Amino acid sequence: AGPPVLASSVGQTSNLAINWTGAITHLSKLHQQLLLEMQVHKEGFLNVEIKEKVHFSIAVDGGYELGSETLWVPLNKDVIHTQEIICSPGKSLCNSVVIAHEPFISWEAYRYRVSVLLVDGLSASFMTNTTFKFSYVNDAFTLFELWLRFTFLVISFGVFIFFIYKLRFYYWRDWSVEQKWTSVLLFGTFAYNDPFSGLQLLVAGWFPVFLDVAMFASFLVLLLFFWLVMFDGIRQENTKHSFLKFYLPKLIVLGSFWLSVIIGFTLYAFYELDDPSAVVEIQGYVLFFQVAMIIALLLYSFWLGYVVCRACGVMSTLPFLTIRLKFFGLFTLVVFIITAAGILFGAFTPLQSNTVVFVSFLALLNLYVYTLAFVYLPSGGLTEEDIAHRIGVTTLEDDDDEDLNYLRQTPFTNVSSTKTHTTRQTSDALDETISKLEQYEDV
């Protein structure tokens with residue numbers, strides 16, 4: 001399923017009770033991010049459970065290679081960070097801990113100096129044998145990610161053009177609700193596939209991160225809004241949807257989710273870029289937006305579950321919605337469950353951990369929208385009578401509006417049949433008018 005996401009350097013073992021200095025070289029922008037991991041060997045404390053907070057002093061230098069030498073430039077001096085070391089009884093190795101994270105590779109080499117300042121509850125003697133390891137994004141995965149996103153971007157463009165081309169002879173008002181939403185979602189896949197993903201490799205700073213998160217969050221919120229509107233619309237099929245009662249509450253819930261995602265990730269990027277030795281930990285302000293995001297997602301999930309149940313309840317009274325619910329409901333439910341699980345378990349985070357997970361979720365939402373586009377394509381072609389109506393003949397005021405509304409809201413609406421129905425009424429009315437005129441001339 002593609003190259004591994006992360007690559008690692010050979011572990012370097014040191015007595016952290018004193019200090020440790022290590023460097024990594026030959027980095028490029030394709031490596032995207034750099035992690036420094038630490039794992040304590042619990043020698044002499046094998047049967048003891050250790051759960052202690054350790055205060056580190058970390059200094060970072062950036063370097064560039066000049067011939068066979070590396071010239072170092074200080075990036076920060078002895079910044080203090082805290083991490084919790086957890087060691088289970090009966091195991092010789094403690095849990096691996098990330099003590100530093102560089103979100104953007106600006107230098108060809110990095111050098112870290114780590115020393116222990118204080119260990120709560122215990123002395124630093126249990127950390128005499130400690131292994132350090134550098135991890136970074138595999139450059140082969142970076143190229144794989146860029147090409148995969150570009151491929152889906154091209155496919156999305158082709159499907160969007162094909163979908164619009166097939167509906168080119170129909171007025172927008174004659175498209176079914178599903179066809180209108182599908183065209184919007186197809187346009188939204190351009191943002192999901194992120195045509196600016198390569199910008200993060202070229203420009204360091206918060207803006208590329210903000211742009212990446214904003215485009216992803218916008219597509220995701222658009223998709224969630226589409227699901228809620230569709231199921232709630234089925235439940236209220238014959239009700240006029242006002243903006244204040246129908247759309248505004250949905251926009252408030254999903255708008256709060258959108259803002260929480262964008263502000264939380266952008267603030268986190270600010271924090272990491274400001275401190276090259278920043279430890280991957282959740283700060284208070286980031287935690288606030290993360291909790292707000294989870295609350296909004298849970299509220300949305302309960303709301304969607306409610307409208308789905310109500311939509312199923314009205315199925316017996318509106319038999320023409322049976323196929324609509326069976327296809328759209330089941331297909332969407334599966335995609336929503338997988339998407340919600342991916343959000344909660346971090347499958348959409350900027351730093352991926354597994355190639356299969358990355359490919360699966362990127363393909364899932366793209367293929368979902370492509371499937372909608374295929375299903376909601378108009379069946380059949382236009383007749384000469386339809387085209388004549390399209391280019392100049394208007395509908396008379398006494399057309400049967402109820403029949404038109406019923407046909408427009410049927411999921412697999414053959415739009416051409418709607419147009420033929422309307423055009424035939426128009427043609428009959430014109431024939432009747434001409435006949436009356438001929439009678440008038442005879443008189």
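## Model and confidence

Helices (H or I, at least four residues) and strands (E, at least two) are DSSP runs, numbered from the N terminus. This is a predicted model, in which local features need pLDDT of at least 70, side-chain atom pairs count only at pLDDT 80 or more, and totals for chains, interfaces and linings use all residues. Residues are numbered from 1 along each chain as its sequence is written, and side-chain values use heavy atoms, with hydrogens and water left out.

The protein chain has an average pLDDT of 78; pLDDT is the predictor's confidence in each residue, from 0 to 100. A score of at least 70 is reached by 74% of the residues. Residues 383–426 fall below 50.

## Aspartate 194

Aspartate 194 sits in the loop between helix 2 (177–192) and helix 3 (199–202). Aspartate 194 is buried (under 20% relative accessible area; exposed is over 50%, partly exposed in between; 1.4 Å probe, protein chains only). Yet aspartate 194 has no salt bridge (a side-chain nitrogen of Lys or Arg within 4 Å of a carboxyl oxygen of Asp or Glu). The nearest side chain of opposite charge is arginine 149, 5.1 Å away. Lys and Arg count as positive, Asp and Glu as negative; His and the chain ends are not counted.

Beyond residues up to four places away in sequence, aspartate 194 touches Arg149, Asp212 and Met215. Contact means heavy atoms within 4.5 Å.

## Salt bridges

The whole structure holds four salt bridges. Arginine 149 pairs with glutamate 145, with closest N and O atoms 3.4 Å apart. Because they are four residues apart in helix 1, about one helical turn separates them. Arginine 149 is buried at 13%, and glutamate 145 is buried at 15%.

Lysine 250 bridges to aspartate 232 at 2.9 Å. Lysine 250 lies in helix 5 and aspartate 232 in helix 4, so the pair ties together parts 18 residues apart in sequence. Relative accessibility is 1% for lysine 250 and 3% for aspartate 232.

Aspartate 61 forms a salt bridge with arginine 111, also at 2.9 Å. Asp61, Arg111 and Arg113 are linked in a network of salt bridges.

## Nonpolar cores

A nonpolar core is a set of buried Ala, Val, Leu, Ile, Met, Phe, Trp, Tyr and Cys residues joined through side-chain atoms within 4.5 Å. The largest has 64 residues; Phe226, Trp227, Phe257, Tyr300 and Tyr368 touch the most other members. Helix 4 gives the largest share of this core, 16 residues. Another core, of 27 residues, lies apart and includes Val97 and Phe132.
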